Amino acid sequence: MRADRLVSLALLLRQRGRMTAGELAAELEVSVRTVLRDIDALSTAGVPVYADRGRHGGFSLLPGFRTELAGLNHDEGLALLTAGSGRAEQAFGLGTALASAMRKIVDALPEGHRASVGDAAQRFLVEPKADLLSRRLVAEEVVGTVMKTARGAVLRGRKLRFHYAAPDTTPRWHTVDPIGLVTVRDRTYLLAAKSGEDRTYRLSRMLEAEELPEPAERPDHVDLDRIWAERSARFLSEDHIPVLVRVAPGRREELLNTARAVRAEEPEADGWVRLNVTFEDLRHAVWAVWQLDTDAEALAPAALRDALHERAAALAHRYDESGFAIPAVVAADVGRAALVATPRACPPPRPRA
């Protein structure tokens, strides 16, 4: 670990020039005291680090010093820097390691490519935290030790034991054979087997975890892409109700947050979005669509449209004090607004792992 940190320190000074001990400590996620010890270690090893005193001082390398690493061409360097940008840096808890790798990649580039690739990488953004139509996306929080432990068990092929808080149940311990980790829409899942049965767990629901010394019972080679596709198809084929719905772009993310899964999505000529999603059951679908008021229209199935119509008409009748019949369109609008306001609207069931 220290050897990697010393290399990262030397690369930081080479690529950025003069840096203070505080700046180096923040970049390497260590204390200032550790940085000062590392500077002494580099100097002892013959790396020409020198200090500038004063208000604008810091540490620098002698001009012309260069580490000897294999070179990369322009497109290879650009591809690696782009892949490591954006939210990818947080995948599987490897953010610090990725930052160190990026510094090594930049230093490995030929002199003539280094500046141009660095500028080009700044002009590509992979998976930002918000798109033009939705609210800001917030990644699920995973306990740092849980991520590290799960990652280690997967890589070393050991059994994993963890305390898991599934929705609406008392947290309990599970012991599984880990197969792999998958990150989808800022959620990280553990693909595993338990007593020979396929299991999928969300890491954000793991309260604590420990790697066991026993080897995991799993195949030597694995195709995670195929396994994930199969488990996703199986999940979607369970007792869920498919729904076709039109939604205003500003409410799209709100609907997606309540759905169990998204099968298809396409824009419409009027700016709305047509979504093919699944819900737990008819009750869940009615609740989710109703919350969007007139910013959503259920197109199918007919049972959902009938349920929405009946609820709107019933509530419109309840709150009608004029004694006159209310036009169907007005009744629907009034009914939707009334249901949103009433506390009897049932919450959606939480997705299962």
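Strand E9 (residues 261–267) and strand E10 (residues 273–279) are paired antiparallel through six bridges. Helices (H or I, at least four residues) and strands (E, at least two) are DSSP runs, numbered from the N terminus, and two strands pair if DSSP finds at least two bridges between them.

## Basis of the description

The model is predicted: local features need pLDDT of at least 70, side-chain atom pairs count only at pLDDT 80 or more, and totals for chains, interfaces and linings use all residues. Residues are numbered from 1 along each chain as its sequence is written, and side-chain values use heavy atoms, with hydrogens and water left out.

## The four-stranded sheet

E9 and E10 belong to an open sheet of four strands, ordered E9-E10-E8-E11 with antiparallel pairing. E9 and E11 are the edge strands with a single partner each, so one side of each has no neighbour in the sheet. From one strand to the next the twist averages 25 degrees; angles run from 0 to 180 degrees between N-to-C directions, and axes are lines fitted to C-alpha atoms, for helices over the stretch in contact.

H11 packs on this sheet and touches E8 and E11, where contact means heavy atoms within 4.5 Å. The direction of H11 makes about 135 degrees with that of E11. In the loop between strand E11 (296–300) and H11 lies Pro301. Ala300 and Pro301 are joined by a cis peptide bond, with omega about 5 degrees.

## Helices H10 and H11

Helix H10 (residues 282–290) and helix H11 (residues 302–318) have axes that come within 10 Å and cross at roughly 60 degrees. The two are therefore oblique to each other, as angles under 35 degrees count as roughly parallel, over 145 as roughly antiparallel, 65 to 115 as roughly perpendicular and the rest as oblique.

On the H10 side, the contact is made by Leu282, Ala285, Val286, Val289 and Trp290; on the H11 side, by Ala303, Leu304, Ala307, Leu308, Arg311, Ala312 and Leu315.

## Arg251

Arg251 sits in the loop between strand E8 (241–247) and helix H9 (252–258). Its side chain makes a polar contact with the side chain of Glu254 at 2.8 Å. A polar contact is a pair of N or O atoms within 3.5 Å; within protein, one must be able to donate a hydrogen and the other to accept it, and residues adjacent in sequence count only if both atoms are side-chain atoms. A polar atom of the Arg251 side chain also lies 3.5 Å from the backbone oxygen of Leu292. Apart from neighbours within four places in sequence, Arg251 is in contact with Gln291, Leu292 and Asp295.

## The five-stranded sheet

Another open sheet has five strands in the order E6-E5-E4-E3-E7, with antiparallel pairing. Strand E6 (197–202) and strand E7 (206–215) form the edges, each pairing on one side only. The twist here averages 45 degrees from one strand to the next. Helix H7 (residues 144–156) packs on the sheet and touches strand E3 (158–164), E4, E5 and E7. The direction of H7 makes about 25 degrees with that of E7.

Within the sheet, strand E4 (residues 172–184) and strand E5 (residues 187–194) run antiparallel and are joined by seven bridges. Asp177 stands opposite Ala193 in E5. Ser195 is in the loop between E5 and E6; this residue is not a glycine, yet has a positive phi of about 55 degrees.
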